[in-house]
Amino acid sequence: MEFTVGQIAEVLRGAVEGDASQRIDRLAKIEEAQTGALSFLSNLKYEPHLYTTGASAVIVSRTLELKHPVTTALIRVDDPYTSFTTLLEFYQQATRTGKRGVEEPAYIASSSTIGGNHYRGAFSYIGENCQIGNDVVIFPHVFIGDRCKIGDGTILYAGAKIYAETVIGNRCTVHAGAVIGSDGFGFAPQPDGSYRTIPQIGNVVLEDNVSIGANATIDCATMGSTIIREGSKIDNLVQIAHNVEIGQHTVVAAQTGISGSTKIGDNCVLAGQTGIAGHLTLANRTTVTAQSGVGKSIKEEGILLQGSPAFNLRDSLRANAVFRHLPDLERRLTLLERGTNPPEKS
Amino acid sequence: MEFTVGQIAEVLRGAVEGDASQRIDRLAKIEEAQTGALSFLSNLKYEPHLYTTGASAVIVSRTLELKHPVTTALIRVDDPYTSFTTLLEFYQQATRTGKRGVEEPAYIASSSTIGGNHYRGAFSYIGENCQIGNDVVIFPHVFIGDRCKIGDGTILYAGAKIYAETVIGNRCTVHAGAVIGSDGFGFAPQPDGSYRTIPQIGNVVLEDNVSIGANATIDCATMGSTIIREGSKIDNLVQIAHNVEIGQHTVVAAQTGISGSTKIGDNCVLAGQTGIAGHLTLANRTTVTAQSGVGKSIKEEGILLQGSPAFNLRDSLRANAVFRHLPDLERRLTLLERGTNPPEKS
Amino acid sequence: MEFTVGQIAEVLRGAVEGDASQRIDRLAKIEEAQTGALSFLSNLKYEPHLYTTGASAVIVSRTLELKHPVTTALIRVDDPYTSFTTLLEFYQQATRTGKRGVEEPAYIASSSTIGGNHYRGAFSYIGENCQIGNDVVIFPHVFIGDRCKIGDGTILYAGAKIYAETVIGNRCTVHAGAVIGSDGFGFAPQPDGSYRTIPQIGNVVLEDNVSIGANATIDCATMGSTIIREGSKIDNLVQIAHNVEIGQHTVVAAQTGISGSTKIGDNCVLAGQTGIAGHLTLANRTTVTAQSGVGKSIKEEGILLQGSPAFNLRDSLRANAVFRHLPDLERRLTLLERGTNPPEKS
């Protein structure tokens, strides 16, 4: 894709200073931009880059007063950051998520319905009795099992695997290779030491505006539903076990695992590689730092947790600070036992 | 699917009390069940729900004496839990794993054989010289490389990827996106700092009744076989490296990683996010708690381990209890060095 | 595949002692080898196995003097280890990575180009405007998005998913189910507690000789590129976030996660289940032990780190040694406070 500075300014209802005929073929950070790139200046901390940037054009505020001459063209708008985000969204739409039409061979069972204005990539698969909304984007190799429901504007990237009976809301995103609705890990120990598989007949429900990362796995409920509520964002390689419920607008970073039947509140943040034990409840606005392991329910809202096992962040930081000089602590104790204070501390 | 209470009672050889013509279209827990749902009462702790449940029918024991009137129909059987599990298995079979036939396009090399009564979903792939048993269920986008052997009754969910020469036993389950037989991570450091790839020519063997979770990865052996023995259950996103051997009826929970050439015994339990170093041996019935990291072989059977690095559970719990108040410990030590006992403890 | 001992000796320019007509159908370790297997003896620690091995033939040094009679045939070469590795590579090439030709149905957009001598498996997908080199091996179910560039001799295993605009160098290997180029995890918190998705318009660049493990995930940059440089090796289920840069010849073991915008140096080793926080820089030759969590930049080269949070290995080992007997430390402290030295230490 290639546009002129003038064409972009028109879209943004901005005013051009400099050569409006220059060609723009990409977006870049102001400190990295080269000829052909469009950048923006919002935080004035970066203003010095404006006078040295290699960008062909920079989006700036209408009110910015130049301190030095510039070699780049300027596009003056009311709010440079919002204008630039608009361009980013436009770019992503144009290049990746705006696909439409059907590439053959694509499989859809005749008992299933799909709304208008959609994309179904080659080798995508839709099973029996599915109900799929409008403006849906289904990349190649996506698998959608029987009796699924998928809302409007949802995007399923390449090779996403949706087991039977999954319900996905509107404007959700499921990244490549994510698995939604696999069997919960339920096995009943038998007297002879072997395990009997407990059938898993529940499903997964994703509400609207949920995002699921690449190769993440979300197990179906044993009975009932594993639920991820409105607007929550799940990162790559996250594991969510059977019957888990995650509240609204909660963020779960990469490689975190949540064990069976645990309920996570609204507006929580679970950092990367966190583990949450089963059958717990975490109150709204709980934050868990990276690599922590939570083994107890949290009833009070807004708590910060750290460590494995996790406790409150401030105490954990202080305990870790002492941990580092444990050998010194032991030496001091030994000296006291011998009746001698440490010489450097006496 | 929809059945009447009477039809279900007939299958279970149970006796109906109440309206046998009511329609059942799902199974649910007694405390959550609504009209149209069938539930069960086994643990009498839940008996109070029997008198308030919204279920259309509940499976109960022939010997249960009602303490109050019920609005739900009853199906009386000898053992409600077993009867309900039978229905769960029937339901799962009917809706998910009971598929049969071939959906086109599906690819199978002419040099490969597959037994009767199977399902091959659209876009499934079977390479050269494979031997595949009877009653096998192969979902869409499954990849089976050359010279694989797969036993009777095995289920491969959507997008499972089986590298060449893998051997899978009878009645195994491989969930969506799992990768079996990828190259072991073997690279020989060279004098110039680069790495030379060591070819990995071994394979993976899964014995009977093994279950592999969604997006789990199991590497082939460098030479010989990576082996998972009879009845072991591997959860989602688990990593099993080259030449690992896992004994019978061992359970490995989500996101655990087992490094190269390690041998895990029979009837072990590795909880979630555990790590086991390479070239170790863990005795039968070893249990490792969540997020622990095992760096030494365990020779005695039945040991419980915790921590990273892991040691025995009881000592680990006690050490963690002290860890939490390390700052207090240091303060007490400082007071002693100053010749002062802590006032609140003196 | 089956060869005679004589045929193999000819390829290796070796001299046969014993029956050159014996048939070889596999490679095995000398201590495990049975009839039909070819093995090798390089480390003389294993020489006793030479006199008892079941192998049909063993590759040995031209200079080896036999201490006992052997029943196996010998192939004498200059360097047995190098000769055996050559056979391993030949075997892997013949059985797995040497495929050529196109299996139908395979999808390639007419705007894309691909060089000669390639393999495209059934159900593989190549989008618009891709440029793909010579001798490329693309297994079934591989997805290659629009405008990707892929170098000569690269192998993409089954179901690898390459998002649009990814650049992959020569002789790279991407294992099954790996996802390259998924969206970075970028969400801007809004005043109402919800999140706005930040469009991710960058890409991923893999330089030459890079290997990516099964089901690993590598996110695209927000703007610019996530980069993995020449010769680095990434294991299964690793997560690499947006805008990360990994230097040359760095090894990242399974289930490790690297957060956004972090730069890892050359010749680093990150062991399994490691976590690296965002916006850090790790100097060349940094080594991080398994399950560690790095929260600070490392400026000095060649440092070894352990723990979560990580600090230098030697201090971490010493602190962990004291951690194990913390309850004892506390008891000693309490005795001192009571004015009593521990009896067994006094």
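**Labels and the values behind them**

Mentor: In this predicted model, B:Arg332 and C:Glu337 are joined by a salt bridge, with 2.7 Å between their closest N and O atoms.

Trainee: What makes the pair B:Arg332 and C:Glu337 a salt bridge?
Mentor: The rule asks for a side-chain nitrogen of Lys or Arg within 4 Å of a carboxyl oxygen of Asp or Glu. B:Arg332 and C:Glu337 have their closest N and O atoms 2.7 Å apart, so the pair qualifies. The interface of chain C and chain B has four salt bridges by this rule.

Trainee: And why is the pair A:Glu330 and C:Arg332 called a salt bridge?
Mentor: The N to O distance there is 3.7 Å, and the cut-off is 4 Å, so A:Glu330 and C:Arg332 pass as well. Across the interface of chain C and chain A the rule again finds four salt bridges.

Trainee: What else describes the contact of chain C with chain B?
Mentor: It takes 57 residues from chain C and 67 residues from chain B. The two chains bury about 5,000 Å² between them, with 60% of it on carbon and sulfur atoms. C:Arg96, C:Arg324 and C:Glu337 supply 12% of the area that chain C buries against chain B, more than any other three residues. There are also 27 residue pairs in polar contact between chain C and chain B, both residues being at pLDDT 80 or more.

Trainee: How much area is buried between chain C and chain A?
Mentor: About 4,900 Å², of which 60% comes from carbon and sulfur atoms. Here chain C gives 67 residues and chain A gives 57 residues.

Trainee: How do you know how chain C and chain A are related?
Mentor: Chain C superposes on chain A by a rotation of 120° with 0.0 Å of shift along the axis, at an RMSD of 0.1 Å. The two copies are therefore related as by a three-fold rotation axis.

Trainee: Why is A:Cys172 called buried?
Mentor: Buried means under 20% relative accessible area, and A:Cys172 has 0%, so the label holds. C:Cys148, at 1%, counts as buried too.

Trainee: Which residues have the most contacts inside the largest nonpolar core?
Mentor: A:Ile144, A:Ile212, B:Ile144, B:Ile212, C:Ile144 and C:Ile212, in a core of 177 residues. Apart from that core lies another, of 24 residues, including A:Phe323, A:Leu333, B:Phe323 and C:Ala319.

Trainee: What is B:Ile144 in contact with, leaving aside neighbours within four places in sequence?
Mentor: Its partners include B:Tyr125, B:Cys130, B:Ile150, B:Leu156 and B:Ile162.

Conventions:
Residues are numbered from 1 along each chain as its sequence is written. Chains are lettered from A and ligands numbered from 1 in the order in which they are written. This is a predicted model: local features need pLDDT of at least 70, side-chain atom pairs count only at pLDDT 80 or more; totals for chains, interfaces and linings use all residues. Side-chain values use heavy atoms; hydrogens and water are left out. A nonpolar core is a set of buried Ala, Val, Leu, Ile, Met, Phe, Trp, Tyr and Cys residues joined through side-chain atoms within 4.5 Å. Buried means under 20% relative accessible area, exposed over 50%, partly exposed in between (1.4 Å probe, protein chains only). Contact means heavy atoms within 4.5 Å. Copies are superposed by least squares on the C-alpha atoms of residues with pLDDT of at least 70 in both. Buried area is the accessible area (1.4 Å probe) that two parts lose on being put together, summed over both. A polar contact is a pair of N or O atoms within 3.5 Å; within protein, one must be able to donate a hydrogen and the other to accept it, and residues adjacent in sequence count only if both atoms are side-chain atoms.
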